[in-house]
Amino acid sequence: MPSSPSRRAPSGSPARHAAAKKPHHTAPQGQPSHEIRIIGGQWRRTRLKVLDKPGLRPTPDRVRETLFNWLGQDLTAWRCVDAFAGTGVLGLEAASRGAAHVLMVEQDAVLVRDLQNNVTRLKAQMVSVQRGDAVTALARLPAGSVDLVFLDPPFDGPWFEPALKAAARAVPVGGWVYLEAPVAWTAEALAALGLQCERHLKAGAVHAHLLQRTA
């Protein structure tokens, strides 16, 4: 009995080419991310996911370690603001070291969502997340009501001087402002804002300043 003819389309046939051109659907990918870790306090070594977003610069481990050495590590009962919070790692480091309250302010809705997720995951009841403009949020705080303000604004924006003015008002005389900037701020420019640089380091393209309100 003769075998049945093959139903496979011959090479070069329209059917074969149609099959070859069938679109290949891949599963949608989430936004690329990496991890950073909290380096001190009760959440030491805890890893946090960080989205790979343009302009988002988590403060490196070495710089954070140096900063909190400057501050004395124990922030028990301190009131802090992480303005331009981004990943929120500075504010979480403060909370991990005993801060009584940390306000995180961030404009980007996606980053706000991630901040809230991390706060929930850590059960960080001393941390609150607010979506909005950092300078406006600082200006709304009662004068002298916080002990420490973290400022790490986008380097390509006009926020440095307004943020420093608002931060200087928010802390009392003797209070602290931490600033990351693409250049070192001069003593004269800081004095005009009632601030004095107590510590400074350069790490790559970043200048880290620990400022104290003097007037």
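This is a predicted model: local features need pLDDT of at least 70, side-chain atom pairs count only at pLDDT 80 or more; totals for chains, interfaces and linings use all residues.
Local features need pLDDT of at least 70, and side-chain atom pairs count only at pLDDT 80 or more, while totals for chains, interfaces and linings use all residues. Residues are numbered from 1 along each chain as its sequence is written, and side-chain values use heavy atoms, leaving out hydrogens and water.

Seven salt bridges were counted (a side-chain nitrogen of Lys or Arg within 4 Å of a carboxyl oxygen of Asp or Glu). Arg37, Asp61, Arg64, Glu93 and Arg97 are linked in a network of them. Asp61 pairs with Arg37 at 3.1 Å, N to O. Asp61 lies in helix α2 (residues 61-71) and Arg37 in strand β1 (residues 33-37), so this pair ties together parts 24 residues apart in sequence. Helices (H or I, at least four residues) and strands (E, at least two) are DSSP runs, numbered from the N terminus.

Asp61 also bridges to Arg64, with the closest N and O atoms 2.6 Å apart. Arg64 in turn meets Glu93 at 2.6 Å, N to O. Glu93 lies in helix α3 (residues 89-96) and Arg64 in α2, so the pair joins parts 29 residues apart in sequence. Arg64 is buried, with a relative accessible area of 0% (buried is under 20%, exposed over 50%, partly exposed in between; 1.4 Å probe, protein chains only). Glu93 is buried at 0%. Asp61 is partly exposed at 27%, and Arg37 is partly exposed at 31%.

The lining of the largest cavity has six nonpolar, three polar and two charged residues. Ala, Val, Leu, Ile, Met, Phe, Trp, Tyr, Cys and Pro count as nonpolar, Asp, Glu, Lys and Arg as charged, and the others, Gly among them, as polar.
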